[in-house]
Amino acid sequence: MRFRRLCAAVLLAAFIPVSTPANAAQTTCEDVYTPVQFGLIKQTMYGRLCVPQGAKTVQVLVPGGTYTSGYWDIPVDGDKRSVVRAMNSAGVATMAVDRIGSGKSTKPLSILVDVPNQAQAVHQIIQKLRPRFSKVLVGGHSIGSAIAMAEAGTYKDVDGVLITGMTHQWDYVRAVPALTNLIPALLDTKLSVRGLDVGYLTTVAGSRYRMFHAPGPEVPAVNAWDEANKDVVSAGEFVTTALMSNLVLPVSAAINVPVMTMQTSDDYFCGTPPLGADCSSGPALVRSEKPFYPRAPRVDGFVVSGYGHVFNFDTKVADNYHAALVAWQRGI
């Protein structure tokens, strides 16, 4: 009798769900292909939507040049390098997109791919998400940050803006030489099969560590993943980023919601003003960047040190970086 009861208990236990951390196991992810338009031209923007059960806030995340939505969910050495999984674990939904022209999004002529058109596409993504969430935030990295600023400043349909890997004062002494590592994608062995026109660019093979990661640690697995998953950027995105997020015509002047600027002190966009923003500390970064957001009710800052431009790959400060991002979005 006792043996039967023990067997029954074991069988019953096998079919009882084991409790796991709340949000992590209850997050549902799906691939979303959203029809968007540049004027009269129809395109499709790909996004990976991950929604924890009960989530009321969503972050729409735009990657930088030569990166795709995967930049926000880097699958190297566990979850440390994943903004998506950190946000989902905190109960925040994410929609990481591929910019038009890259990844799984459609690829029109490069002359059509610029910051204003990308912002228009992201705006249409946000409009689709708005009925489902009470709070919508837009965030970006590098050129993706220029797109996020343009979207928020133009359409005024978000509750907050996250800016990473981009400030309004650039250290051209370091930034311009980095551009010599770019070549037309049609000359790249891996990307030439896409048949893209000459206005689409990518990085020279083997250049990504020194261009994006240094002085961070050189991790073979990271380098391999980054090189294998590199993508493209259009020349038009570079030009319009410089015009719209630099000192010429900063679109950020029209943003009227809270802003979080998260930078790394070793980036091309940090230094001694006007050659780079002051990234010596979070408060210093805010003082340096606040004048470019005159209508924003609040500007917060967070600074990473010891890593290059793509600091989502850094594991040293990931927990603090992610915690600061969660705290910011909860406070707006």
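Visitor: Which strands does helix H5 lie across?

Guide: In this predicted model, helix H5 (residues 143-155) lies across E3, E5 and E6. The helix runs at about 145 degrees to E5.

Visitor: What about Asp 77: buried or exposed, and how do you know?

Guide: The cut-off for exposed is over 50%. Asp 77 has a relative accessible area of 54%, so it is exposed. Asp 77 sits in the loop between E3 and helix H3 (83-89), and its phi is positive, about 60 degrees, although Asp 77 is not a glycine.

Visitor: Why is H4 called roughly perpendicular to H9?

Guide: The axes of helix H4 (residues 115-129) and helix H9 (residues 235-245) cross at roughly 90 degrees and come within 8 Å. Angles of 65 to 115 degrees count as roughly perpendicular, so that is the term for H4 and H9.

Visitor: Which residues make that contact?

Guide: From H4 come Val 115, Pro 116 and Gln 118, and from H9 come Glu 237, Thr 240, Thr 241 and Met 244. By class, the contact of H4 with H9 has three nonpolar, three polar and one charged residues.

Visitor: What makes E1 and E11 edge strands?

Guide: Strand E1 (28-38) and strand E11 (299-304) each pair on one side only. They belong to an open sheet of eight strands with mixed pairing, in the order E1-E2-E4-E3-E5-E6-E10-E11. Neighbouring strands of this sheet are turned by 20 degrees against each other on average, direction ignored.

Visitor: How do you know that E6 and E10 pair?

Guide: Pairing takes at least two bridges, and four bridges join strand E6 (residues 160-164) to strand E10 (residues 259-264). These two strands run parallel, and Ile 163 stands opposite Thr 261 in E10.

Visitor: Where are cis peptide bonds found?

Guide: One joins Ala 214 and Pro 215, with omega about 15 degrees. Pro 215 lies in the loop between helix H7 (208-213) and helix H8 (220-228). Another runs from Pro 273 to Pro 274, with omega near 5 degrees. Pro 274 lies in the loop between E10 and helix H10 (282-289).

Note on methods. Residues are numbered from 1 along each chain as its sequence is written. This is a predicted model: local features need pLDDT of at least 70, side-chain atom pairs count only at pLDDT 80 or more; totals for chains, interfaces and linings use all residues. Side-chain values use heavy atoms; hydrogens and water are left out. Axes are lines fitted to C-alpha atoms, for helices over the stretch in contact, and angles run from 0 to 180 degrees between N-to-C directions. Angles under 35 degrees count as roughly parallel, over 145 as roughly antiparallel, 65 to 115 as roughly perpendicular and the rest as oblique. Contact means heavy atoms within 4.5 Å. Ala, Val, Leu, Ile, Met, Phe, Trp, Tyr, Cys and Pro count as nonpolar, Asp, Glu, Lys and Arg as charged, and the others, Gly among them, as polar. Buried means under 20% relative accessible area, exposed over 50%, partly exposed in between (1.4 Å probe, protein chains only).
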